[in-house]
Amino acid sequence: MLASLFATLTLAAILGSGLMAGLFFAFSTAVMAALARLPDGQGAAAMNAVNVVILNPVFLTVFMGMTVVALALGARAVLGWSQPGSAWLLAGSVCYLVGIFGVTAAFNVPLNDALAAAPGDAQVWSRYLAEWVPWNHVRTLAGLAALACFAMARQ
């Protein structure tokens, strides 16, 4: 029964990592470039609106749910190190926890807060684009890496 639970959690981790990577990929490849083309005030206002709307139950369930799943799979990997796929589970967990959750908390959210606190400030918007986008690329790559690691753990 425990093996079935962890197999289900690993599948959830694959899907959750894929969803997060896809979301971040869309922002990295299209959304932020489109917002950067708008006049400063419009781009910043649109991003502020996105930052409010994204905090919805569906996003938060996937984002925070994946954090819990990654913690559980990471613990399972460490405690059952001799089990097949443990190294992949641990690697996927670290990629998600550090590369997505950690980067979001340490970099993207503070930048979002600074943007919200200075509506219409062109200098803040310029700094935001220069710093937020590269950190979003990190989250995209971390999501893809987590997905690949969790998939490898099922081999």
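Predicted model: local features only at pLDDT ≥ 70, side-chain atom pairs only at ≥ 80, totals over all residues.
Reader: Which helix gives the largest share of the lining of the second largest pocket?
Author: Lining residues, those with an atom within 4 Å of a point, include L2, A3, F6, A7 and T10, together with R76, P84, L89, A153, R154 and Q155. By class, the lining of the second largest pocket has seven nonpolar, two polar and two charged residues (Asp, Glu, Lys and Arg are charged; Ala, Val, Leu, Ile, Met, Phe, Trp, Tyr, Cys and Pro nonpolar; the others polar). The largest share, five residues, comes from helix (a DSSP run of H or I, at least four residues) α1.

Reader: Which element contributes the largest share of the lining of the largest pocket?
Author: The largest pocket, holding about 370 Å³ of space, is lined by 22 residues, with N51, I54, L55, V109 and N112 lying nearest its centre. Two or more lining residues come from each of α1, α2, α3 (57-79), α4 (86-117) and α5. By class, that lining has 14 nonpolar, six polar and two charged residues. The largest share, six residues, belongs to α4.

Reader: How are α1 and α2 oriented to each other?
Author: Helix α1 (residues 2-37) packs against helix α2 (residues 40-53) with their axes 8 Å apart and at an angle of about 135°. Where they meet, F27, M32 and L35 in α1 face G43, A46, M47 and V50 in α2, a contact (heavy atoms within 4.5 Å) of six nonpolar, one polar and no charged residues. The two helices are therefore oblique.

Reader: What is the orientation of α1 to α5?
Author: The axes of α1 and helix α5 (residues 122-153) lie 8 Å apart, and the two pack at an angle of about 155°. By class, their contact has 19 nonpolar, eight polar and one charged residues. Since angles under 35 degrees count as roughly parallel, over 145 as roughly antiparallel, 65 to 115 as roughly perpendicular and the rest as oblique, α1 and α5 are therefore roughly antiparallel.

Technical notes:
Residues numbered from 1 in each chain as written. Heavy atoms only, no water. Axes fitted to C-alpha atoms, helices over the stretch in contact; angles between N-to-C directions. 1 Å grid on protein atoms, 1.4 Å probe; cavity = no way out; pocket = protein on both sides within 12 Å on 5 of 7 lines; lining within 4 Å. Points joined across faces, edges and corners; volume = space filled by probe spheres on them.
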